[in-house]
Amino acid sequence: MNTLLSDFRALDLVILRGQTFSLLFCPERFVLMKLSDEGLAAAKLALAVDCSDTLEDDKNINLFLQTAVNYVSAFGRVEISSTELALSMSATQTLPKLVLMVNNYCNLKCAYCYEHGTAFKDPARCITRSSIRTTIDKCYEFFNAIGTVMFIGGEPTLSENAIEEACEYSLSKASILKREKPTFGMITNGVKISEYLHQVIDRYEIQVTFSVDGPKATNDLVRIRHDGSGSYDALSANIKRYARNHPDKLSIESTVTRAQSETGLSVSELLTFISDEFGVNTPHIAIAGLPTGHPLMPIYQEAAGLDKDFSAAIDLSVINILADMTSGDSSFHRPRISFVADMMRALASKSATIAMCSAGTAQIVVDSRADVYPCWMFAGNAAFRMGNIVSDSIVKILGSSVVSRVRSNTKMTNANCSKCYARFVCHACIGNNQNTTGAIEKMDPRFCDTTRNSLVTILSAIVTAHADPEQWKKIILAA
């Protein structure tokens with residue numbers, strides 16, 4: 001094999017097919033080239049298994065290879081974040097996120113909730129005041145600071161005293177130790193927020209993420225109370241009250257299930273609805289982490305319908321992001337799916353992480369028993385129990401075999417991810433992996449396809465924008 005061909009292949013380039021043209025992309029450097037028909041043929045030939053003899057005397061192909069090598073090599077590699085080392089055995093580190101699973105019961109029985117088979121099987125329980133204080137004490141003994149204390153359940157709004165205690169005690173502890181004070185967050189179904197809890201939320205400036213799956217007709221198909229009635233009206237009222245007091249903190253997450261397809265709501269329409277109704281322009285929208293064949297998996301007339309639907313929403317998100325960047329008005333944002341915005345941000349900053357997600361790498365979860373897990377999606381699953389915050393030390397908890405398993409499953413060691421061209425812009429979820437495939441190491445192919453399709457859409461849009469010098473200049477200035 002000649003040296004030029006070796007240099008070309010060493011760049012780990014991949015050919016991507018857009019709707020109207022092809023691209024040559026370098027996953028390690030976030031560099032792309034638009035290919036002419038001749039360039040596409042040359043790239044395909046150069047990446048073929050055995051082509052040395054064919055290329056040896058072809059000046060045009062060798063010129064293409066030299067141009068590609070020179071262009072791509074001029075760019076540095078992406079910067080790998082140290083997020084996956086955040087929970088290393090060092091007291092100088094900040095614990096990015098401490099999650100308190102304050103209870104294991106809920107006022108709803110959402111049809112797709114994974115906790116029906118785990119946390120909800122145990123007797124109803126709220127985390128004790130003693131466990132809250134012990135958790136915070138031990139975290140501050142080991143870590144230099146706690147970035148965010150997050151509250152989940154079950155349903156966290158049903159344990160308002162626990163939320164208030166955790167906020168007050170962690171702030172007091174940080175003040176006494178002269179440490180940076182944590183911020184607070186909560187994920188809730190938003191149905192039952194008492195007047196007192198509203199006051200607690202305001203006092204501690206708790207960032208709240210509400211779960212909404214669409215308009216009333218869609219949401220109330222699956223997000224139902226125990227008596228079978230819908231939850232949308234109460235949820236909507238609480239979202240709007242929170243938005244009035246904390247417009248910059250409001251966040252919304254939506255889960256795509258059969259509910260959207262049954263009510264004829266596309267992902268693009270869901271995205272637009274959230275923006276129009278609640279003023280949230282960057283919601284987190286994801287397909288439910290359900291096993292293949294589950295009755296609540298989205299249904300479409302064609303097998304590929306869901307892929308096409310998500311692709312359309314991704315197209316819309318990219319178009320809106322680029323339009324915002326060129327508008328010159330930073331005060332207004334058109335709707336976009338959060339993972340698309342995250343992906344474009346990573347491409348622009350050339351930053352990446354090899355960790356799958358924050359589970360066990362940038363967060364620990366303490367449940368109502370004071371048991372510790374890498375993610376709340378594993379609560380109640382003995383195979384992922386890291387220890388108990390009351391009876392075990394942080395050193396023992398972080399040294400558990402569970403943590404070792406999670407940390408060894410990176411995008412560079414996982415067989416599904418290590419060769420994937422989207423690995424450095426991917427935001428995987430090992431909890432969803434476990435729920436859909438039965439193992440944190442085995443990727444859900446639906447998620448992978450969506451991620452790769454998203455990247456191709458984004459890169460194609462970037463190339464198209466680059467063809468317009470004036471538009472590209474505005475994008476560069478806005479980035």
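## The three-stranded sheet

Two strands count as paired if DSSP finds at least two bridges between them. By that rule, this predicted model contains an open sheet of three strands, ordered β1-β2-β3, with antiparallel pairing. The edges are held by β1 (14-17) and β3 (31-35); each has a single partner strand, so one side of each is left without a neighbour in the sheet. On average, and ignoring direction, neighbouring strands of this sheet are turned by 30° against each other.

The pairing of β2 (residues 22-26) with β3 is antiparallel and consists of five bridges. Within it, Leu23 has Lys34 of β3 as its bridge partner. Helix α4 (residues 59-73) packs on the sheet and touches β2 and β3. The direction of α4 makes about 150° with that of β3. A further helix, α2 (residues 37-46), lies across β1, β2 and β3 and runs at about 135° to β1.

## Helix α1

Helix α1 covers residues 3-10, and its residues Leu4, Leu5 and Phe8 are buried. Seen down the axis of α1, the buried residues fall within an arc of 95°, so they line one face of the helix. An α-helix has 3.6 residues a turn, so residues three or four places apart point the same way.

The face of α1 turned away from the buried side carries Thr3 and Ala10, which are exposed. Just after the helix, Asp12 takes a positive phi of about 60°.

## The nine-stranded sheet

A second open sheet is formed by nine strands in the order β10-β9-β8-β7-β6-β5-β12-β13-β14, and its pairing is mixed. Its edge strands are β10 (284-287) and β14 (387-388), each of which pairs on one side only.

Inside this order, β5 (residues 94-101) and β12 (residues 363-366) pair in the parallel sense over four bridges. Leu98 has Ile364 of β12 as its bridge partner. Helix α9 lies across β8 and β9 (251-256), and runs at about 155° to β8.

## Helix α7 and its surroundings

Which residues of helix α7 (residues 195-204) are buried? They are Leu197, His198, Val200, Ile201 and Tyr204. Viewed down the axis of α7, these residues fall within an arc of 160°, so they line one face of the helix. Just after α7, Glu205 takes a positive phi of about 50°.

The axes of α7 and α9 come within 11 Å and cross at roughly 30°, and the crossing is right-handed. From α7, the contact is made by Glu195, His198, Ile201 and Asp202; from α9, it is made by Asn238, Arg241, Tyr242 and Asn245. The residues of this contact divide into two nonpolar, three polar and three charged.

Where is His226 placed? His226 is in the loop between α8 (216-222) and α9. Setting aside neighbours within four places in sequence, His226 is in contact with Cys106, Asn107, Leu108 and Lys109. His226 and Cys110 are 116 residues apart in sequence, and their C-alpha atoms are 9.0 Å apart in space.

Terms used:
Residues are numbered from 1 along each chain as its sequence is written. This is a predicted model: local features need pLDDT of at least 70, side-chain atom pairs count only at pLDDT 80 or more; totals for chains, interfaces and linings use all residues. Side-chain values use heavy atoms; hydrogens and water are left out. Helices (H or I, at least four residues) and strands (E, at least two) are DSSP runs, numbered from the N terminus. Axes are lines fitted to C-alpha atoms, for helices over the stretch in contact, and angles run from 0 to 180 degrees between N-to-C directions. Contact means heavy atoms within 4.5 Å. Buried means under 20% relative accessible area, exposed over 50%, partly exposed in between (1.4 Å probe, protein chains only). The arc is that of the directions from the helix axis to the C-beta atoms. A crossing is left-handed if the near helix is turned anticlockwise from the far one by less than a right angle, and right-handed if clockwise. Ala, Val, Leu, Ile, Met, Phe, Trp, Tyr, Cys and Pro count as nonpolar, Asp, Glu, Lys and Arg as charged, and the others, Gly among them, as polar.
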